[in-house]
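Q: I have a model open and would like to learn how to read its features one at a time. Please give the general idea, then the case at hand.

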Amino acid sequence: MTTRPVFAAAELVLALLLMAGCSSGPSNTAPPPAPDAAGGDGVRRSPVVAGRRARVFVMAGFGAKCESLPAPAIAITAAPSKGTVTFEPGQETTINTSASGTCIGQRVLGTGIYYTAREGETGADTFSIQAELGGDVTQRTFSVEIVQ
C-alpha cells in the first residue's frame with residue numbers, strides 16, 4: 001500500500017478536520033499553539049488532564065456533495081508512552097479542509113480520536129495514527145501536553 005497525500009483523490013477525500021473546541025497539542029508540522037484555541041489544522045491547543053478522556057481530533061471522509069462517507073479505518077502506528085488512544089465513530093465535526101473548497105464549513109460525521117493519560121502522568125506525550133478510506137492513506141502524529 002502506497003502512502004500518498006489524500007487530497008490527490010478526486011472523489012473521496014479523507015480529511016483531517018477541525019472540531020469545535022477540541023483538538024490536540026501541535027503535530028510535528030503544526031504551527032506553534034495558540035493558548036486554548038483550535039488552530040486551522042484541527043489540532044488540540046489546550047492540555048489534557050491526567051485520568052480524563054479527551055477528544056484530540058476527528059478524522060472523516062466526505063464526498064463531492066459534502067456528504068459523510070463511511071468511517072475511515074484507523075490504526076495506531078506509534079502508541080503513546082503515558083496513556084492510551086481510543087476511537088469513537090459517529091462524531092460530528094465541521095469540515096476545515098476540502099480539496100475543492102466547496103465543503104468548508106459543512107458538518108459531517110467522522111471518527112473521534114481520544115487520548116487518556118494515566119493518573120500521575122505529566123508533560124508531553126505523542127502518538128501516531130494511520131487512516132485509510134477508499135484506498136487513500138494518510139498518517140498523522142499528535143502531541144499532547146498532560147497536566148494534573
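The dialogue below goes through confidence, strands, sheet pairing, aromatic rings and the disulfide.

Q: What kind of model is this, and which residues are used for local features?
A: This is a predicted model, in which local features need pLDDT of at least 70 and side-chain atom pairs count only at pLDDT 80 or more, while totals for chains, interfaces and linings use all residues. Residues are numbered from 1 along each chain as its sequence is written, and side-chain values use heavy atoms, with hydrogens and water left out.

Q: What is the average pLDDT of the chain?
A: pLDDT is the predictor's confidence in each residue, from 0 to 100. The chain averages 76, and 71% of the residues score at least 70. Over residues 1-40 the pLDDT stays under 50. For that stretch the model has 123 contacts (heavy atoms within 4.5 Å) beyond four places in sequence.

Q: How many helices and strands are in the chain?
A: Helices (H or I, at least four residues) and strands (E, at least two) are DSSP runs, numbered from the N terminus. The chain has zero helices and eight strands, so the order of elements reads β-β-β-β-β-β-β-β from the N terminus on. Of the contacts with a separation of 6 or more, 67% are between residues 24 or more positions apart.

Q: Is strand S6 enclosed or open to solvent, judged by its buried residues?
A: Buried means under 20% relative accessible area, exposed over 50%, and partly exposed in between, with a 1.4 Å probe and protein chains only. In S6 (residues 107-117), eight of the 11 residues are buried, so the strand is largely enclosed by the rest of the structure. For the chain, 45% of the 148 residues count as buried.

Q: Which strands are joined to S6 by bridges?
A: Strands of a sheet pair through backbone hydrogen bonds, either parallel or antiparallel. Two strands count as paired if DSSP finds at least two bridges between them. Strand S3 (residues 53-62) is joined to S6 by six bridges and runs antiparallel to it; here Arg55 stands opposite Tyr114. Strand S5 (residues 83-94) is also antiparallel to S6, with 11 bridges, and Phe87 has Ile113 as its bridge partner.

Q: What does Thr84 contact, leaving aside neighbours within four places in sequence?
A: Thr84, in strand S5, is in contact with Tyr114, Tyr115 and Thr116. The C-alpha atoms of Thr84 and Thr116 are 5.3 Å apart, although the two residues are 32 apart in sequence. Thr84 is partly exposed, at 44% relative accessible area.

Q: In what order do the four strands of the open sheet run?
A: The order is S2-S8-S7-S4, with mixed pairing. Strand S2 (48-49) and S4 stand at the edges with a single partner strand each, so one side of each has no neighbour in the sheet. Strands S7 (residues 123-133) and S8 run antiparallel, joined by 11 bridges. Within this pairing, Ile129 has Arg140 in S8 as its bridge partner.

Q: How many aromatic pairs does the search find?
A: A pair of aromatic rings is described by the distance of the centres and the angle of the planes. Rings of Phe, Tyr and Trp (its six-membered ring) pair if their centres lie within 6.5 Å; planes under 30 degrees apart are stacked, over 60 edge-to-face, and the rest tilted. The whole structure has three such pairs. Phe57 and Phe142 form a tilted one, at 5.0 Å centre to centre and 55° between the planes. This pair links Phe57 in strand S3 with Phe142 in strand S8 (residues 136-147), 85 residues apart. Phe57 is buried at 0% relative accessible area, and Phe142 is buried at 0% as well. Phe57, Tyr115, Phe127 and Phe142 make up one aromatic cluster.

Q: Which residue lies over the face of Tyr114?
A: A charge sits over a ring if NZ of Lys or CZ of Arg is within 6 Å of the ring centre and within 35 degrees of the ring normal. Arg53 lies over the face of Tyr114, 3.6 Å from the ring centre.

Q: Which cysteines does the disulfide join?
A: A disulfide is a covalent bond between the sulfur atoms of two cysteines. The rule applied is a pair of cysteine sulfur atoms within 2.5 Å, and the count comes to one. Cys66 is joined to Cys103, S to S 2.2 Å, and the link is left-handed, with -90° about the S-S bond. Cys66 lies in the loop between S3 and strand S4 (73-78) and Cys103 in the loop between S5 and S6, so the pair ties together parts 37 residues apart in sequence. Both cysteines are buried, Cys66 at 16% relative accessibility.

Q: What is the phi of Cys66?
A: Most residues other than glycine have a negative phi. For Cys66 phi is near 70°, a positive value in a residue other than glycine.
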